[in-house]
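Here are some friendly notes to read beside the model. Take the points one at a time, and find each residue on the structure as you go.

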Amino acid sequence: AICRQVCWSAVEQVRAGQIAAISPEAAFGRRGVLPPLVIELKDRSVLIEGIIDRVDQLSDGRIKIIDYKTGNESFDVVEAACGYRLQLMLYLQAACGSERKPAGVFYFRIRDPIVDFSHQELDEEKLENEIRKAFKLDGVMIDDPQVIHDIAGDFTGYSKIVPLQKTKEGIKSTGRDGLMAEEDFAKLREAVAARVRQACEDLTAGRIDIHPMKTKDRSACTYCDYKGICRFDTVFEGCSYNIVR
């Protein structure tokens with residue numbers, strides 16, 4: 001049942017948009033269909049290789065990345081800009097290269113949705129709608145009419161594909177970071193590239209300092225029993241990243 005729901009949701013998402021080509025399990029690296037990511041350091045080059053769950057090429061040639069997750073993963077712009085959960089943005093860079101423009105990056109959660117009808121009458125149509133909501137893509141996309149149409153298709157009210165709503169003032173995100181201006185998305189990519197380069201420099205130099213995740217809003221120290229001894233949460237200021245919207 002879960003496999004049927006997941007597959008059918010993926011089919012509906014593809015049908016709703018305008019996708020010119022789909023590349024599943026797209027490998028980037030020396031033996032992949034895409035070249036490796038090359039990070040140039042002062043005295044050497046670092047090659048990054050991997051396999052992208054799915055690369056979609058939209059009608060205008062822009063690239064959309066989808067990564068399938070069985071957990072409750074969610075994309076956070078601030079965390080990505082601060083150097084955490086870089087997977088989607090690395091995949092996007094590998095798929096776009098220097099020639100193609102980005103459309104967006106998304107997680108597709110593979111799970112068995114639980115719908116609560118304990119306080120209302122069971123309705124098959126409502127049930128189907130609630131199941132669709134559970135499989136909405138989670139991520140961020142370029143705030144461009146063509147990109148939105150190619151990903152979400154034509155819709156009124158709330159999109160069944162991504163967290164978007166069509167209002168009298170235009171299309172708005174119902175999530176935290178659903179839409180980004182082209183300029184802001186470019187800044188995000190630059191911030192991620194700088195973090196990746198720094199990580200490569202640290203690794204090649206043998207620097208492996210303990211740095212739990214800490215942003216302005218979240219800290220891994222919240223769940224640690226030894227934060228009173230380590231004091232990392234009080235010494236390290238953490239990372240902040242602001243986007244003007």
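1. K69 belongs to strand β5. Helices (H or I, at least four residues) and strands (E, at least two) are DSSP runs, numbered from the N terminus. Setting aside neighbours within four places in sequence, K69 also contacts (heavy atoms within 4.5 Å) Q87, Y107, F108, R109 and I110.

2. A word on the source: this is a predicted model, where local features need pLDDT of at least 70 and side-chain atom pairs count only at pLDDT 80 or more, while totals for chains, interfaces and linings use all residues. Residues are numbered from 1 along each chain as its sequence is written, and side-chain values use heavy atoms, with hydrogens and water left out.

3. In what order do the 6 strands of the open sheet come? The order is β1-β4-β5-β6-β7-β10, with mixed pairing; two strands pair if DSSP finds at least two bridges between them. β1 (19-28) and β10 (179-180) are at the edges with a single partner strand each, so one side of each has no neighbour in the sheet.

4. Look next at β7 (residues 138-142), which runs parallel to β10 and is joined to it by 2 bridges. I142 has M180 in β10 as its bridge partner. Helix α5 (residues 145-152) packs on the sheet, touching β4, β5, β6, β7 and β10, and its direction makes about 145° with that of β7. Axes here are lines fitted to C-alpha atoms, for helices over the stretch in contact, and angles run from 0 to 180 degrees between N-to-C directions.

5. The largest nonpolar core has 56 residues, and I52, I65, F75, M89, M141, V162 and L188 have the most contacts inside it. Its largest share, 8 residues, comes from α3. A nonpolar core is a set of buried (under 20% relative accessible area, 1.4 Å probe, protein chains only) Ala, Val, Leu, Ile, Met, Phe, Trp, Tyr and Cys residues joined through side-chain atoms within 4.5 Å.

6. Finally, follow helix α6 (residues 182-205) along its length. Its buried residues are D184, F185, L188, A191, V192, V196 and C200. Just after α6, G206 takes a positive phi of about 80°.

Notes: Buried < 20%, exposed > 50% of the residue type's maximum accessible area, 1.4 Å probe, protein only. Expected span 1.5 Å × (residues − 1).
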